[in-house]
Amino acid sequence: MSEALEVRGLRVSYATRAGSRGAVAGVDLRLERGAAHSVVGESGCGKSSLALALLGLVRPGGQLAADSYTLDGRAWSLERARDWSELRGRRVGLLLQESAQALDPRLSVERQLREALGAAGAGRERSLELLARVGFDAPGELLARLPHELSGGMRQRVQLACALATGPSYLIADEPTASLDALLARRILTLLASLVERERLGVLMVTHDLAAAAELGGGLSVMYAGTVVERGPVRELLLAPRHPYTEALIAACAAREPLDEPLRGLSGAAPQGVLERDGCAFAERCALARDVCRSARPALLTLGPGRDLACPPRAQGAAR
Amino acid sequence: MTEPTHTARRWPRTWGARCALWTLLALVASAVYAPFLANGAPLYLRAFDLRAVRSASAALPALAEEWRASFAPVASIPAEPIVRAAARASLELRLELLARSLDPRSELAAHVERTAQAVDTLAHAPGAAQSQPLDPELNARLDAAVREFDALAQAVEAALVGAAAAANAANTAEAGVLDLPAPWRTSESWPLLASLSFGSWWFALLFPLAAWVALCGMRTRAASLAFAALSLAAIALTLGLRAPPGVATRNLKLAIGAGEVLVERAVFAPVPYGFEETRLSEALRPPTWLPSAELDAQGRYVRGARAGAAGAARPVEVRAGEPSLNSWRRHLLGADSLGRDVLARVLWGGRVSLGVAFAAVLALLALGIVAGLLAGVSRGAFDALFLFVAQTLQSFPSLFLILVAVAALPAHGVHPQAATALVIAAVSWTGVARLVRAQVRAVREREWVLAARASGLSPARVLFAHIAPNALAPALVSGAFALGGAVLAESATSFLGFGVQPPVPSWGAVLRESSAVEHAWILLGPGLLVFAAVASANALGDALRERLELREAA
């Protein structure tokens with residue numbers, strides 16, 4: 001039995017007036033226990049939808065579907081509410097982007113933790129232990145505080161403590177460092193990395209920050225318009241990108257431009273949610289685009305161990 | 001948890017809001033304590049109740065005969081122990097009343113004591129079985145007891161002659177002089193306190209706690225302990241201070257005036273009038289601190305427009321405990337068309353007006369919050385139905401709906417005050433419900449709700465523990481505004497005669513009395529109070545909203 005979270009053909013679509021719009025258009029993903037994996041992409045490429053979908057959560061009006069969802073060797077049904085309630089929290093935790101609204105503004109830290117722990121595990125000792133686990137030196141004085149009395153970094157660690165309260169083996173982190181300054185972001189990433197290493201937590205981090213992905217280590221998937229276009233070990237992928245989009249991302253990052261802006265060296269903007277289409281979604285902005293790119297959707301082909309690419313021109317080049 | 005207490009103490013920040021809070025508290029306090037402030041019954045009374053003693057003694061022989069008969073079988077039915085116990089209790093009550101009014105060292109008191117003992121010793125004697133004659137020995141003892149009752153009644157009658165003479169003397173002499181002949185004595189009572197219901201006690205005891213919690217905050221556990229203790233105290237006070245049967249608590253002023261209750265000492269409430277105490281000789285008398293309110297001994301006006309008018313003027317009867325005829329504080333807000341004191345009616349009217357308003361607000365908050373939560377989480381048919389009902393209700397003028405419903409309801413035996421409150425709630429819950437619905441829709445998309453769902457909590461738990469508490473703030477603000485609206489709605493219905501029924505006062509009902517321009521001064525009291533209540537409720541709603549917005553921003 002392999003200890004991994006594995007999903008095949010994950011699709012999230014929203015009904016709009018113009019028809020069904022896919023936010024995630026068929027993604028395969030495998031997250032092993034004790035390993036980290038990052039998903040990067042521009043805003044609106046579907047990476048947040050992907051993260052929530054792994055917990056069975058969709059924004060209102062959304063539809064979730066997948067070919068298979070396997071966790072630690074067991075297949076889970078996407079339709080059964082009982083499966084999800086058993087899986088959420090206890091097997092897979094969620095860490096959201098830091099914001100004033102990431103924690104219930106009414107509840108003190110102690111109440112937040114007690115709420116997360118549930119009736120069975122409630123206890124001051126357990127709360128203090130959790131807070132110590134996410135790196136608080138003096139957790140005792142923190143318990144009575146309300147969220148707005150905490151700094152951003154503290155809030156984020158409290159949120160992490162809540163997510164870990166029910167002892168999940170996997171953690172989905174959706175932009176965990178997005179609104180933190182560089183030092184705090186680094187601290188959270190080190191914390192996540194140490195949880196991966198010491199407690200064999202499987203961490204899937206969704207981010208638009210390549211530096212954060214590099215910091216966390218492990219694998220990296222690059223998403224564009226709801227599909228994964230390139231995948232590989234983060235170091236290898238950053239040093240030797242194959243997909244033109246990955247190259248553009250790295251170039252933009254080197255230029256220290258936020259990824260929310262249109263990318264330098266690329267014309268046009270990333271599509272916000274994809275209508276059903278043939279061909280590569282990136283073709284319109286791609287200098288390498290050929291007829292084959294526009295006529296058929298490129299499959300994610302395996303290049304080497306843990307290295308996948310969905311770009312026919314480059315894949316052919318690599319094969320030669 | 002020092003922090004919430006701290007913020008609660010700082011609230012409200014602005015001068016205006018603080019004024020509003022204190023005004024509202026003062027209004028509620030005056031309503032809660034109205035029975036202590038304005039009451040026809042004296043707070044404390046040391047008196048001799050000639051009427052009660054006389055009726056007790058007159059009833060003795062007949063009651064004794066009835067008690068004796070309860071031992072013997074009636075037709076073919078055996079003597080019933082329950083009937084006997086009732087007859088005995090009723091006898092003992094009279095004896096107790098006599099004993100209370102008698103000097104314990106007197107011969108008459110000893111006589112009462114002996115009679116009571118005779119009743120006691122015979123109490124457990126066996127009654128006759130079905131169609132059997134009574135045991136001859138028991139029969140003889142019963143006969144003796146009945147003769148003793150006759151003798152006692154005669155002795156009391158004889159002794160009362162002296163007391164009646166004293167009553168006449170007290171009536172003609174200056175007040176405060178009571179020369180009671182032996183063996184009679186005065187007894188103490190607290191008629192005002194004895195006349196209070198459990199509800200009155202409960203509110204009077206809980207109001208300070210509620211005000212403390214609202215102003216300073218309190219730990220939930222301490223507050224609920226205090227709540228339970230004060231509720232028990234209210235039960236104890238209601239039962240402990242209840243006047244013994246046979247001792248009057250109502251119409252005491254009239255009985256004192258008629259010389260039936262001889263007063264040694266009486267302490268009255270600050271406003272010594274009941275809200276339904278009429279006195280036609282003072283009908284529509286202006287506030288007595290105005291020169292135009294001055295009356296002469298024959299009840300004619302000395303000055304002003306009504307001076308010298310040939311009408312049905314008759315001397316004003318100044319009852320026990322009341323300020324003198326032309327004292328400035330006799331009727332501070334004047335008297336209405338039946339000569340009832342307007343101040344007393346305004347104080348008691350606050351109980352109805354504010355009580356109906358608070359009940360209506362509680363009901364509309366409950367209704368609005370439940371409907372809003374349900375509509376907020378549901379989609380499709382229920383939500384569409386909710387919006388249809390809410391919009392339909394809101395498209396009617398609410399006062400019109402209230403009048404129609406209130407006019408229709410009491411015919412089916414609904415309490416008019418409860419009906420008014422329910423109807424106000426039923427007509428105006430839609431605003432709160434729509435606010436809650438919109439807020440639920442906004443809050444359910446917040447990150448912490450997502451996090452709560454992702455941690456595996458059930459949808460119901462997410463709704464009640466994470467969405468609802470954060471969605472209710474606007475409902476509370478809206479509730480504060482609704483309080484002002486409800487006071488106005490109740491006043492309007494009562495003013496039009498659809499709300500409370502006479503003689504129950506409410507601010508609107510008192511306003512109704514000022515039907516002519518000459519009596520415009522009646523408007524003064526109730527009008528000001530309605531204005532103060534509505535204005536302070538609205539100012540408080542504003543302060544609450546600002547505070548919640550601040551918290552939202554923080």
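Me: What makes strand 1 (residues 44–49) of chain B and strand 2 of chain B count as a pair?

Reply: The model is a predicted one. In it, 3 bridges link strand 1 of chain B to strand 2 of chain B, in the antiparallel sense. Pairing needs at least two bridges found by DSSP, so these strands pair. Within strand 2 of chain B, Ser187(B) is the residue opposite Ala47(B).

Me: Which strands stand at the edges of the sheet in chain B, and why?

Reply: The sheet is open, has 3 strands in the order 2-1-3 and is paired antiparallel. Strand 2 (187–189) and strand 3 (261–267) of chain B each have a single partner strand, so one side of each lacks a neighbour in the sheet and they are its edges. From one strand to the next, the twist averages 25°. Helix 4 (residues 50–69) of chain B lies across strand 1 and strand 3 of chain B and runs at about 40° to strand 1.

Me: How do you know whether helix 9 of chain B is roughly parallel or roughly antiparallel to helix 10 of chain B?

Reply: Two packed helices are described by the angle between their axes and the distance between the axes. Helix 9 (residues 198–216) and helix 10 (residues 220–240) of chain B pack at an angle of about 155°, with axes 8 Å apart. The cut-off for roughly antiparallel is over 145 degrees, and therefore helix 9 of chain B is roughly antiparallel to helix 10 of chain B. Their crossing is right-handed.

Me: Which classes of residue make up the contact of helix 9 of chain B with helix 10 of chain B?

Reply: Helix 9 of chain B contributes residues including Trp201(B), Trp202(B) and Leu205(B), while those from helix 10 of chain B include Phe227(B), Leu230(B) and Ser231(B). By class, the contact has 15 nonpolar, 2 polar and no charged residues.

Me: How many residues does each chain give to the contact of chain B with chain A?

Reply: Chain B gives 16 residues and chain A gives 21 residues. On the side of chain B, helix 16 (447–454) and helix 17 (459–471) are the elements that give two or more residues. Helix 16 of chain B gives the most, with 6 residues. That side of chain B has 8 nonpolar, 5 polar and 3 charged residues.

Me: What makes strand 11 of chain A and strand 14 of chain A count as a pair?

Reply: Strand 11 and strand 14 of chain A have 2 bridges, in the antiparallel sense. The requirement is at least two, so the pair qualifies. Glu230(A) has Leu309(A) in strand 14 of chain A as its bridge partner. Strand 14 (residues 307–309) of chain A is also joined by 3 bridges to strand 13 (residues 301–304) of chain A, again antiparallel. There, Gly304(A) stands opposite Arg307(A). The hairpin of strand 13 and strand 14 of chain A has 2 residues between the strands, and Gly306(A) takes a positive phi near 70° in it.

Me: Which strands are the edge strands of the sheet in chain A, and how do you know?

Reply: The sheet is open, with 8 strands in the order 7-8-9-3-10-11-14-13 and mixed pairing. Strand 7 (92–95) and strand 13 of chain A are the edge strands, as each pairs on one side only. Neighbouring strands are turned by 20° against each other on average, direction ignored.

Definitions and conventions
Residues numbered from 1 in each chain as written. Chains lettered and ligands numbered in written order. Predicted model: local features only at pLDDT ≥ 70, side-chain atom pairs only at ≥ 80, totals over all residues. Helix = DSSP H or I, 4+ residues; strand = E, 2+ residues; numbered from the N terminus. Contact = placed C-beta atoms within 7 Å. Nonpolar A, V, L, I, M, F, W, Y, C, P; charged D, E, K, R; others polar. Axes fitted to C-alpha atoms, helices over the stretch in contact; angles between N-to-C directions. Parallel < 35°, antiparallel > 145°, perpendicular 65-115°, else oblique. Left-handed = near helix turned anticlockwise from the far one by under 90°.
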